Amino acid sequence: MNLFHDAVRDARGHSHSAPLNKNSDHLRILDVGTGTGRWAIKMAEKYVRCSEVWGIDVSPWQPERIPPNVKFQYMDIEEPWQGLGSESWDLVHVRCMYGAVTSWPQLYENIWNCLIPGAGYIEHIEIDWQPVIRTTPTGQRKNCADVEPALYHPLSVFPFWVRSFYDCMDAAKRPARVDSAATHAALYHAGFVDIREDTYLLPYNSGDSKERFPRIFDDWIEGLSLRPFLETTDSSFNLTVVDQMIIDSRHELATVQYPVFCTM
Ligand SMILES: C[S@@+](CC[C@H](N)C(=O)[O-])C[C@H]1O[C@@H](n2cnc3c(N)ncnc32)[C@H](O)[C@@H]1O
């Protein structure tokens with residue numbers, strides 16, 4: 001998770017996009033589903049003199065040695081929110097929570113209620129695992145218009161993995177599919193305005209050994225796969241089939257002759 005934080009920060013070039021009020025002497029920043037707390041800790045370090053940063057999570061993944069302006073609290077974000085206060089947060093950050101949340105409209109409503117009216121921001125970051133390729137490669141990886149789905153030969157198993165993964169998550173009522181229009185609608189319905197969407201590319205493969213994401217995904221694909229595929233009612237997935245699909249996907253991504261990306 002810490003490596004993932006660094007890969008995301010590198011791809012975005014910054015840790016947050018929301019314009020925080022630099023004149024405030026007390027920013028309140030909340031990280032929902034904080035994981036190892038890396039983002040919360042980095043934000044607390046960045047705004048050490050003027051912020052209080054909380055990370056909330058059901059699991060105690062977080063380190064014990066933390067900056068004095070960080071606090072971790074254990075709570076199930078799908079239960080009624082208590083103890084966070086209302087209308088008092090400047091920024092709420094949500095990252096990589098697809099698959100963990102059953103009702104996004106409810107979560108957005110809870111976030112809306114705890115933000116400072118008219119001044120608070122939500123920042124929500126998710127990965128769309130659908131592999132894409134670039135049609136006119138350039139260096140820039142933000143809001144690129146020159147991408148298209150990498151659905152065909154020589155990539156065949158991995159796009160199947162992505163489709164099947166999304167189907168299994170849908171069946172488990174924990175959607176992981178990125179649906180931009182539905183997200184905009186749910187945010188708007190919760191009350192948010194001035195909604196902005198940025199897209200970044202993260203490489204599944206790269207000749208550059210400094211790129212973190214190819215190694216992260218090679219490691220993650222197994223953890224992402226096992227529960228959704230083995231708990232689904234679709235009996236065509238058993239451990240042998242899923243293991244083979246993971247091996248073949250890894251092989252495809254490692255050997256394909258052109259750069260393949262996911263989007264964030
Ligand atoms: C994929 S990790 C993302 C961690 C972090 N946001 C990041 O981007 O590095 C998902 C996190 O959500 C937490 N989580 C899942 N369901 C949750 C729930 N219902 N309430 C609170 N935390 C939850 C998990 O414990 C895990 O730490």
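Me: What makes helix 4 oblique to helix 7?

Reply: In this predicted model, helix 4 (residues 157–171) and helix 7 (residues 239–255) pack at an angle of about 130 degrees, with their axes 8 Å apart. Axes are lines fitted to C-alpha atoms, for helices over the stretch in contact, and angles run from 0 to 180 degrees between N-to-C directions. Angles under 35 degrees count as roughly parallel, over 145 as roughly antiparallel, 65 to 115 as roughly perpendicular and the rest as oblique, and therefore helix 4 is oblique to helix 7. The helices themselves are DSSP runs (H or I, at least four residues), numbered from the N terminus.

Me: Which residues of helix 4 and helix 7 meet?

Reply: Val 157, Phe 158 and Trp 161 of helix 4 meet Met 245, Asp 248, Ser 249, Glu 252 and Leu 253 of helix 7, where contact requires C-beta atoms, placed from the backbone, to lie within 7 Å. By class, this contact of helix 4 with helix 7 has five nonpolar, one polar and two charged residues; Ala, Val, Leu, Ile, Met, Phe, Trp, Tyr, Cys and Pro count as nonpolar, Asp, Glu, Lys and Arg as charged, and the others, Gly among them, as polar.

Me: Why is helix 4 also called oblique to helix 6?

Reply: Helix 4 and helix 6 (residues 213–231) pack at an angle of about 55 degrees, with their axes 9 Å apart, and that angle makes helix 4 oblique to helix 6. The contact joins Phe 165, Cys 168 and Met 169 of helix 4 to Leu 224, Ser 225, Pro 228 and Phe 229 of helix 6, and by class it has six nonpolar, one polar and no charged residues.

Me: What are the bounds of the domains, and where do they come from?

Reply: The protein is divided into domain 1 (2–125) and domain 2 (128–174 + 200–263), with bounds that come from an automatic or database domain assignment. The C-alpha centres of domain 1 and domain 2 lie 27 Å apart, and the contact takes nine residues from domain 1 and nine residues from domain 2.

Me: How many residues surround the ligand?

Reply: There are 17 residues around the ligand, the closest being Gly 33, Gly 35, Ile 77, Arg 95 and Ala 100, and a residue is near a molecule if its C-beta atom, placed from the backbone, lies within 6 Å of it. The shell has eight nonpolar, five polar and four charged residues.

Me: How are residues numbered, and what pLDDT is needed?

Reply: Residues are numbered from 1 along each chain as its sequence is written. Local features need pLDDT of at least 70 and side-chain atom pairs count only at pLDDT 80 or more, whereas totals for chains, interfaces and linings use all residues.

Notes. Helix = DSSP H or I, 4+ residues; strand = E, 2+ residues; numbered from the N terminus. Contact = placed C-beta atoms within 7 Å.
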